[in-house]
Amino acid sequence: MAQQLTIVGGGLVGASLACALRPLGIGITILEEAPLESDSQPSFDERTIALTFGSRKVLEAIGVWQAIEAEAGPIHRIHVSNRGHAGFTRLDREHIGTEALGYVVPTRALGRILVDELTKNPLIDYRCPIRATGIAASADKSAVSVQTESAIVESSLVVLADGGRSPLADQLGMIRRETPFAEHALVGIVGVDRSHQGTAYERFTPHGPLALLPLRDNRFALAWTLPETRARSLAYCEAKAFLSELQEAFGDRVGYFTRCDRRTVYPLKRADLMTPVAERCVAIGNAAHILHPVAGQGFNLGLRDVAHLAEVLASAVAEKKDIGSAECLAQYARARKTQTQRVTRFTHGLLQIFANELPGLRLARNIGLNAIEIFPPAKRFLLKRTVGLAGTLPRLSRGMSLSPYP
């Protein structure tokens, strides 16, 4: 059988992987349960995504950034503060010499662009709506089959990019560790009475972070961590009352909040697989790890999965190796383990530091923020890591296409 790849889940991460692999010339089948326009499509909902500059490099390399850029609000600087205390720091694109620190993009717009790209390629079989119901390796373990409601799809490798919505990971014996957070995220769009000049804000409150991410037309994407009851109350109250509560919580640093739209509440959790690989199968994106949104690393971490997996598969194809072999999957798992753990620890550490009101810790974090503010090398170190430009990077993360591959 010729080299074939099946991706279960055609959301943002699965679609990005398919686009990345186009230069390899292998057959790709994508199985997606929810159509783009469906309200049940969680990857393409009304939320926004904060893309790091490193993620932009990946999207450039796979040939979709030019279409995305028109929808993207650039983040030129980030203001980090601790509500009710003096600690703060300001991070600017000039500290690392990039055009922007990141970009804010509506997830549905990003999804539409990726799906349009998939449907243009004759080597990609995009099937939607269709649900994967089972998975099993062949008797001689030379292939793997995905059972759907209407057919069996056989391939050399299956990539789970379904965000944990299907039971396939459980069927493969992948062990998931999951911790729900007591707080929920209230997200929406808010307008202000002055220009934000491309500044994003991360303000830590006793319940967790309150983030404002710059959009076009003096608007922000809001992500506010709150207890569930409080979050739902604010999501459904009158706009005037909501804006008043937001103003009280955030202050007037961005001016005055004038309007709001698309308020929605989402549960928060932390989850990860003990190992993302099994017999001819690999999990990426939210199917492998789910983070608290405090550092905005969720989809960006998924794109780094894409970049590393694409690198491993490109090398296998160039050397005429089996893309689903244990050797290839072990190589990918090794490449991702350290970085995934580092990002997970960093995200969880922020929550532990900034959601704790112990007097000693409160003083320490304010000193820490102020120390970063007056020490530019610390800013550069922090930014290089958070925007995805630190360490040894795969080709896609450097903005280089997989074709031609040496």
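This is a predicted model: local features need pLDDT of at least 70, side-chain atom pairs count only at pLDDT 80 or more; totals for chains, interfaces and linings use all residues.
Residues are numbered from 1 along each chain as its sequence is written, and side-chain values use heavy atoms, with hydrogens and water left out.

Let me start with strand S1, residues 4–8, where helices (H or I, at least four residues) and strands (E, at least two) are DSSP runs numbered from the N terminus. Four of the five residues of S1 are buried, meaning under 20% relative accessible area with a 1.4 Å probe, protein chains only.

As a reminder, strands of a sheet pair through backbone hydrogen bonds, either parallel or antiparallel; here, two strands pair if DSSP finds at least two bridges between them. S1 runs parallel to strand S2, residues 27–31, and is joined to S2 by five bridges, with Gln4 opposite Gly27. S1 also runs parallel to strand S12, residues 157–160, through four bridges, and there Ile7 stands opposite Val159.

Now to an open sheet of eight strands, whose order is S6-S5-S14-S15-S16-S13-S17-S20 and whose pairing is mixed. The edge strands, S6 (88–92) and S20 (289–290), each pair on one side only. Within this sheet, S14 (residues 199–205) and S15 (residues 208–215) run antiparallel and are joined by five bridges, and Phe204 has Pro209 in S15 as its bridge partner.

Definitions and conventions: Buried means under 20% relative accessible area, exposed over 50%, partly exposed in between (1.4 Å probe, protein chains only).
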